[in-house]
Amino acid sequence: MSENKKIKTALVSVYHKENLDAIILKLHELNIRIFSTGGTQSFIESLQVPVEPVEGLTGYPSILGGRVKTLHPKVFGGILARRENAGDREQLHEYEIPEIDLVIVDLYPFEATVASGAAPQEIIEKIDIGGISLIRAAAKNFSDVVIVASKEEYQPLFELLESKNGETSLDDRRWFATRAFGVSSHYDAAIFSYFNGDNQAQRRLSLNDGQVLRYGENPHQSATFFKFNNTAADVALANARVLQGKELSYNNLLDADAAWKAASDAYHSVTHLSEKVAVAVVKHLNPCGLAVTGNTLQSLELAWAGDPISAFGGIICFTSPVTGEIAAWFDKKFVEIIIAPDFTSEALEIFGKKKNLRLLVTPVRPEISGEKIFRSVSGGLLVQDEDEGGDVTFTNVTKVVFDQNKMNLARFGVVACKHLKSNAIALVTENTDGSFWLTGAGMGQPNRLDSLRQLTIPRFNLKEGLKMEDSVLISDAFFPFRDSVEAAQAFGVKYIVEPGGSIRDEEVIDACNEFGIAMLFTGRRHFRH
């Protein structure tokens, strides 16, 4: 088998014609015979390049409203024929089938049509039949045929034609075939997902154009970042614009996502402020600072004050544009990433002096995104809904009635706590101006008593001027024993919010009644592992 092949005949039938003209002119320059269909044929003719209609080859016109154009033995025989196989060559001669050495085809925009909200029948018409068949046939016979399956391969093809004058190697053809099978498998996955709907027992993931990262969680681990098939308009951390700084790492991406989600959720949880800005400070996926106030600088200062030691080297997310005043505030501080909906020119000028600082632009995340969370286990994949939605139903379960003026603070606290790794205990405080902030955070402990005593309370006590009795303590899951309530009252806690649901709920409620603590049940747990 000869590895190098000369392109003599091409079939061109495409939906996207942008940047196709240079290829057509190059094919003409190389004296390559061209077959084509419909609109593509008209496009080629407009370039004053000779082109033969596929109908002239097959003897059939395009029928059924364009559904059948290229599905014919004289087309697929010319693509699938094995050039080194004597029997195939004899049949090509017998049935007057020309060898087709190059196929340029793309597919109807099925995903874009679905995303547009089109009617079902319009979506069905965008399921490509002829194109996908041409792609698979040409890719299968890559030993003899070059397949260009999308507009992304136009430039590589042009460069190949330019550099080798229409000759291709086996490696060249295999590269194009690999890309083609990627296109076809992705297309089929999109169609399946449309028909599969909400069926959770089956799922197809198609990931393309991965960005190889410098390393994974640690330098000895390799890693790649893939985007789901988001459009540029989708509000997603993966679509954030990077304005400056070093390449984002595996850990950077995880922490940036955590900061963006925490800040966005906090923003949505607060409804009593006419003007509001949320700021999150995240370290190792945990918010060490979170605040919602009426202005950006105050939110930043409170979020940073939540745990200024942990904030060093952290990731900061704003729900409002970052100005020069905010940028100047970071002058003597080291952070890895700053995320915001926008940065003023003055802010960019100031941050430009910190060459390694990454700046990301992305809008506030919607309160309900509908996203799924994917996590791997050895030999398998876990898929679940995102823990989202700010609707909380509070039930007062103690003799002491929970102060109605603290309900908004409690709602903010539930959101703050749910973004901490379990077992999580949070303390939140309201300032006199109605602003909220995370004043104590305990997370990642094997029991919640340790989270409360060893982390949450000590971090709260580092702050001057705060009164424990005015703050609200939140647990991400129920208290299994009364010991957490006993520990909380020893430090002066007067308000507790937890999901409830323990077989010992009555024991816990009795402890609150004994100590004069008001407690709310939410009925919703927020584990985060």
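Author: Happy to; we go from the whole chain to a sheet and then to charged pairs.
This is a predicted model, where local features need pLDDT of at least 70, side-chain atom pairs count only at pLDDT 80 or more, and totals for chains, interfaces and linings use all residues. Residues are numbered from 1 along each chain as its sequence is written, and side-chain values use heavy atoms, with hydrogens and water left out.

Reader: What makes the protein chain more spread out than a compact globule?
Author: The chain has 19 helices and 23 strands (DSSP runs, H or I of at least four residues for helices, E of at least two for strands, numbered from the N terminus). Its radius of gyration, taken over C-alpha atoms, is 31 Å, well over the 24 Å that the globule rule (2.2 Å times the number of residues to the power 0.38) gives for 529 residues, so the chain is more spread out than a compact globule. The C-alpha atoms fill a box of roughly 100 × 55 × 45 Å along the principal axes.

Reader: Why do β4 and β6 count as edges?
Author: Five strands form an open parallel sheet in the order β4-β3-β2-β5-β6. β4 (52–53) and β6 (146–148) each have a single partner strand, so one side of each lacks a neighbour in the sheet.

Reader: How do you know that β3 and β4 pair?
Author: Pairing asks for at least two bridges found by DSSP. Strand β3 (residues 33–36) and β4 have 2 bridges, in the parallel sense, so they pass the definition. Ser36 has Pro53 in β4 as its bridge partner.

Reader: Why is the contact between Asp172 and Lys164 called a salt bridge?
Author: The term asks for a side-chain nitrogen of Lys or Arg within 4 Å of a carboxyl oxygen of Asp or Glu. Here the N to O distance is 2.7 Å, so the pair qualifies. The structure holds 23 salt bridges.

Reader: Is Asp172 buried or exposed?
Author: Buried means under 20% relative accessible area, exposed over 50%, and partly exposed in between (1.4 Å probe, protein chains only). Asp172 has 17%, so it is buried, while Lys164, at 35%, is partly exposed.

Reader: What makes Lys372 and Asp385 a pair between distant parts of the chain?
Author: Their side chains meet in a salt bridge at 2.4 Å, N to O. Lys372 lies in strand β16 (residues 372–377) and Asp385 in strand β17 (residues 380–385), 13 residues apart. Lys372 is partly exposed at 31%, and so is Asp385 at 48%.
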